[in-house]
Amino acid sequence: MSIEASTVTAELATAAELTQEQQDLRERARRFVDEVLIPNEELAELSRGQIPEELEERIKHESIEAGLSGGLHARENGGQGWSKLEWFLVEEQFGRSTNALSWHVPSAYNVLASGTPAQIERYLKPALRGELHDAYAVTESDAGSDPSRIEATAKRTDGGWVINGEKWFVTYGDIAAVYIVMANAVEGDDLLPTLFLVDRDRPGIEMIADPPFTHTYPHGHPTIRFTDVEVADDDVIGGLGGGEELQRSWFTEERIGIAARGVGSMWRLLEEAVSWAVEREQGGARIFDYQGISFPLADSAADAAAGRLLTMEVARLADAGADPKIVHAKASMAKLFVTEAAYRCADRAVQIFGGRGYMRTNVAERFLRELRVDRIWEGTSEIQRLIVARALERRGVERTLH
């Protein structure tokens with residue numbers, strides 16, 4: 001079979017797993033990335049992520065028009081009502097672009113879908129229209145993804161609650177209109193992990209640090225301090241003590257999304273690196289013909305294919321209503337494998353490009369910086385290994401693997 005024929009066969013095999021509607025969705029997302037996001041990557045890089053307002057509005061408008069905004073949220077709230085598999089297909093495409101330009105596509109954290117009708121009207125629907133942004137304030141200086149170590153408190157008052165605490169790495173915290181704050185609600189001797197919706201303009205909220213980070217993204221990850229911030233009972237989301245369960249659901253979803261985007265990044269890196277290696281000549285031959293170049297590309301292709309299948313399987317299990325604990329463990333497995341593999345892929349691509357790979361105008365250089373954080377946020381690789389190891393012990397090897 002020729003290379004062309006085998007490629008067509010593979011494409012048909014992949015397409016056969018998807019409905020026509022899902023294939024159309026994937027192609028819409030791909031066109032949007034190719035036509036709107038990728039052409040503006042270098043502009044975003046050279047402007048340190050601060051793109052012109054008209055481009056930001058174009059991304060918002062065209063993503064809404066293409067039906068790519070608010071994917072997992074219900075249609076009645078302004079989302080698309082996608083399955084996890086459909087979401088994977090779009091996030092994979094978003095992952096092919098650098099500089100987080102897709103952050104301008106209207107969306108909202110899944111937690112807001114658990115809000116009261118009033119909270120959905122006030123926060124979720126405007127977010128999905130691109131009118132406001134939410135920010136998840138969980139991490140603290142001595143507590144990362146482990147809610148049992150959170151020190152922020154919410155104490156009862158006559159009119160509701162008063163929150164005190166300091167949150168680190170609050171992604172979107174510099175532009176958010178509302179913070180989703182994890183705090184321990186104090187009820188007698190009990191500390192109940194609870195989520196609160198806190199408007200940014202409330203007295204007592206202070207952004208005490210807005211550090212620069214390695215990547216060039218449009219929004220920051222500042223440190224936010226809450227000092228005697230008063231909120232009402234109506235600002236509790238998910239009920240008293242419901243924060244841990246909601247957070248587990250959030251982590252599972254975020255980890256699937258990170259893995260999906262990592263798969264997309266490997267796809268883009270391989271396309272760019274293979275194209276360069278096939279055209280570039282050294283010593284009278286294409287550098288692609290040297291095993292020192294082609295073998296790392298082959299390793300990256302194997303990583304990308306394995307990561308894609310693993311992440312798609314997790315998405316399908318979530319859609320099928322599988323045991324949430326198994327889905328949680330497999331999401332950790334996918335995030336662990338893909339984020340480690342994607343960083344290796346980026347490092348190899350930089351090496352293949354040589355000196356050009358060290359230029360910020362090169363896609364491999366940008367991905368090398370951007371992919372590094374994926375091994376840290378929403379639970380470090382070490383946390384993912386711990387979750388997977390516990391699943392092996394508690395759920396058994398067969399259930400964890402199959």
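Reader: Which residue stands opposite E187 in β5?

Author: D190 does. This is a predicted model, so local features need pLDDT of at least 70 and side-chain atom pairs count only at pLDDT 80 or more, while totals for chains, interfaces and linings use all residues. Residues are numbered from 1 along each chain as its sequence is written, and side-chain values use heavy atoms, without hydrogens and water.

Reader: How do β4 and β5 pair, parallel or antiparallel?

Author: Antiparallel, over ten bridges. Strands pair if DSSP finds at least two bridges between them. Strands are DSSP runs of E, at least two residues; helices are runs of H or I, at least four; both are numbered from the N terminus.

Reader: What does G188 do in that hairpin?

Author: G188 takes a positive phi near 65°. The hairpin has two residues between the strands.

Reader: What else pairs with β4?

Author: β1 (residues 134–137) does, in the parallel sense over four bridges. There, A137 has V181 as its bridge partner. β2 (residues 153–157) is also parallel to β4, over three bridges. A154 stands opposite A185.

Reader: Is β4 mostly covered or uncovered?

Author: Mostly covered. Eight of its ten residues are buried. Buried is under 20% relative accessible area, exposed over 50%, partly exposed in between (1.4 Å probe, protein chains only).

Reader: Switching topic. Where is E378?

Author: In the loop between α10 (363–372) and α11 (381–394). E378 is buried but has no salt bridge. That would be a side-chain nitrogen of Lys or Arg within 4 Å of a carboxyl oxygen of Asp or Glu.

Reader: How far is the nearest side chain of opposite charge?

Author: 6.7 Å, and it is R261. Lys and Arg count as positive, Asp and Glu as negative; His and chain ends are not counted.

Reader: What is E378 in contact with, leaving aside neighbours within four places in sequence?

Author: W250, F251, E254, R255, I258, K335 and Q384. Contact means heavy atoms within 4.5 Å.

Reader: How many aromatic pairs are there?

Author: The structure holds 14. Rings of Phe, Tyr and Trp (its six-membered ring) pair if their centres lie within 6.5 Å; planes under 30 degrees apart are stacked, over 60 edge-to-face, the rest tilted. Y109 and W250 make an edge-to-face pair, 6.0 Å centre to centre with 75° between the planes.

Reader: What does that pair tie together?

Author: Parts 141 residues apart in sequence, because Y109 lies in the loop between α5 (84–94) and α6 (117–128) and W250 in helix α7 (residues 243–279). Y109 is buried at 10% relative accessibility, and W250 at 6%.
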